[in-house]
Amino acid sequence: MTLTQLRYIVAIADAGLNITLAADNVHATQSGISKQLKQLEGELGFQVFTRRGKSLDAVTPAGSQVLERARSILHEARNIRALAANLREEAHGELSLATTHTQARFVLPEAIARLKQHYPELGVHIRPQGEGRIIGLFESGEVDLAMVSTSGHAPEGGIAVPLFRWHRRAVVPHGHPLAKLGRRLRIQDLAEHPLVSYESSLQPESSLRRAFAAAGLAPRIACTSADADLIKTYVLAGLGVGILAEMAIGPGDARELVTLDIDGLLPVCTSWLVLRRDHVLRSYVAQLARFVAPQIDEAELRRVVAGHAEPNWPVAPLWSELQPRSTARRVASRAA
């Protein structure tokens, strides 16, 4: 029995018993997988899968038990490789991360650049996605890490590490009525105008909709996008008031847009890094977490991920607290 054989039967199960697809997923040939499966079943003395003609039909009861243990063995084999790589201080590997367009565009570039300075041979693959798809990609194993934001509970599917908290801002073109109010915005002010926001605002349970509903109002969503830059583009085109994450607004935007403080109108959001449970944490993953959120203790992070400690994370700082004073974003506050 070999790790390759175990990897192949898991690949077959994950591919819905389609050997051709399984072979593509593990970069093997169909005949090679079939041969290894036959050899494994011969050694075990029973079938892992039942057949219908030349096709696999179902997982046998005994096969289910074998697959469960095979997944555990492969998981531990990956942990041993990761441990060995950490001990050898290997500086190469592949890291894939699913996150939102906003995090990919405005949060991660500096952290990834610093990471590459420490690990120049590391391949980093960023997969910007809508909020609804990120955890699914993580749970399916298509990416190593997930970085998501919530306005409430921590995301499920892995170990959620709070990185930082952030506010939303409203943006309007110069000369817009809301830019000339001379006071702080109220949610009733936003309700009087069409809004341009993130795709998540379309969800019935979005924090934006809940905030409006709590005031007995309903938002008028004129346009949505997963991309913050597109939201700003459509605000300038006159479609409505933009609602954006604060990190998506830079000093250059002030040439065409006025940024309005809406703290207190919408819940504060938290950005989380989601890691796999019971894994040996690669050094470059721990480094990336600390580059984004310096308050994270690397040793504690390793213990939690390995299953040796319960999470007890420090309170995540506000995004504005993590930014140097020289690059802090100025918000046009409309004082009452």
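The paragraphs below treat the cysteines and then the salt bridges.

This is a predicted model, in which local features need pLDDT of at least 70 and side-chain atom pairs count only at pLDDT 80 or more, while totals for chains, interfaces and linings use all residues. Residues are numbered from 1 along each chain as its sequence is written, and side-chain values use heavy atoms, with hydrogens and water left out.

A search of the whole structure returns zero disulfides, a disulfide being a pair of cysteine sulfur atoms within 2.5 Å. The sulfur of Cys223 has its closest cysteine sulfur in Cys269, 20 Å away, which is too far for a bond. Cys223 is buried at 17% relative accessible area (buried means under 20%, exposed over 50%, partly exposed in between, with a 1.4 Å probe and protein chains only). Cys269 is buried as well, at 6%. Cys223 belongs to strand S9, residues 220–225 (helices, H or I of at least four residues, and strands, E of at least two, are DSSP runs numbered from the N terminus).

The structure contains 14 salt bridges, each a side-chain nitrogen of Lys or Arg within 4 Å of a carboxyl oxygen of Asp or Glu. One of them joins Glu246 and Arg169 at 3.8 Å, N to O. Because Glu246 lies in the loop between strands S10 and S11 and Arg169 in strand S7, this pair ties together parts 77 residues apart in sequence. Glu246 is buried at 7% relative accessibility, and Arg169 is buried at 8%. Both residues also belong to a salt-bridge network with Arg184, Asp261 and Asp263.

In helix H11, Glu298 and Arg302 lie four residues apart, about one turn of the helix, and their side chains form a salt bridge of 3.1 Å, N to O. Glu298 is partly exposed at 25%, as is Arg302 at 26%.
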